[in-house]
Amino acid sequence: MTIIFITCHKSNDEAPQSNPNPPTNTYLYGITIDDSWDKTRVTVQQIVNAIKAMPIKPTVRIVMSKGTAIADYKPLFLAIHQVAYVMAAPADSEDMKKYTNVDSYVKRFQDSYEELSAYTDFWEVGNEINGEGWLGDDPQFIANKAYGAYKFIHSKKAKTVLVSYYFKPDDQKVTMEDWLKKYIPEDMKKQLDYVLVSYYEDDNDDYQPNWQNVFNNLETIFPNVKLGIGECGNNDYKKYSVQSKVQRAKHYYSMPKYVKNYVGGYFWWYWVQDCVPHQNSEVFKAINNSLVK
């Protein structure tokens, strides 16, 4: 899914110049742009205006679809990077099966880097990487693809992000933590910049994880890596009430610092649909009011 990061810099009315250096501050807040937003209802300029109206400068996670030419994303990346940091997600979990070998997956990142690196501060090398079924049936093969992308992006000295998938107890054969222990290579465990967790209550019968335990466990696996929430929100933006979205946004964006390397994140999935135009959006207000701690 698509993610947007927000880092703790005050915004202003003038768009900042593109910054080749990624943010270094310790706390992140995220919002997401994916390809499901209605381009007949919302313009890129309205998205930019909403970002500029946030109380801090965001890092926007842009989720790319395999069926869309990479070059077609350049105008969006350019516009967003003028007002925010950008995290590129060249391959959503839904597209993982479509890459039939490691080389094709890595090439996706090589081509994306060539086109978009001037406007990108973070690279998501694997999305919901441990999800069973929809990414494929061979976990080692899936991990090998993410590792190949990681090695390429890491070689460019760019920031790498891995997003894992959390679920209610016994919903998958292997726990998230055991999957990451088994299939993520040791050098990747040590040198990733971020490991973020995707979680949707709508897909998990409203189960509420013990996040303190989750991040304690992740800290033992990735002791040198920044940790946080990589996706949240609803699995259908039309189905749920505004009030339920407001409550959920407040819940996530107000989470405490669970462990030393916890950096926030959150990355509301349907941010464009729920928050743009921003002027009368209650979800936009709820997220913004939770940002400054």
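Reader: How do you know at what angle the axes of helix H3 and helix H4 cross?

Author: This is a predicted model, in which local features need pLDDT of at least 70 and side-chain atom pairs count only at pLDDT 80 or more, while totals for chains, interfaces and linings use all residues. Residues are numbered from 1 along each chain as its sequence is written, and side-chain values use heavy atoms, with hydrogens and water left out. Axes are lines fitted to C-alpha atoms, for helices over the stretch in contact, with angles from 0 to 180 degrees between N-to-C directions. For H3 (residues 102–116) and H4 (residues 139–155) the crossing is at roughly 30 degrees, and the axes come within 8 Å.

Reader: Why are H3 and H4 called roughly parallel?

Author: Angles under 35 degrees count as roughly parallel. The axes cross at roughly 30 degrees, so H3 and H4 are roughly parallel to each other.

Reader: What makes Phe109 in H3 part of the meeting with H4?

Author: Contact means heavy atoms within 4.5 Å. Phe109 is among the H3 residues that meet H4, where the partners include Phe141, Ala149 and Phe152.

Reader: Why does Asp206 count as exposed?

Author: Exposed means over 50% relative accessible area (1.4 Å probe, protein chains only), buried under 20%, and partly exposed in between. Asp206 has 52% relative accessibility, and therefore counts as exposed. Asp206 is in the loop between strand S7 (194–198) and helix H7 (211–221).

Reader: Which residues is Asp206 in contact with, leaving aside neighbours within four places in sequence?

Author: Asp206 is in contact with Glu201 and Arg248.

Key. Helix = DSSP H or I, 4+ residues; strand = E, 2+ residues; numbered from the N terminus. Parallel < 35°, antiparallel > 145°, perpendicular 65-115°, else oblique.
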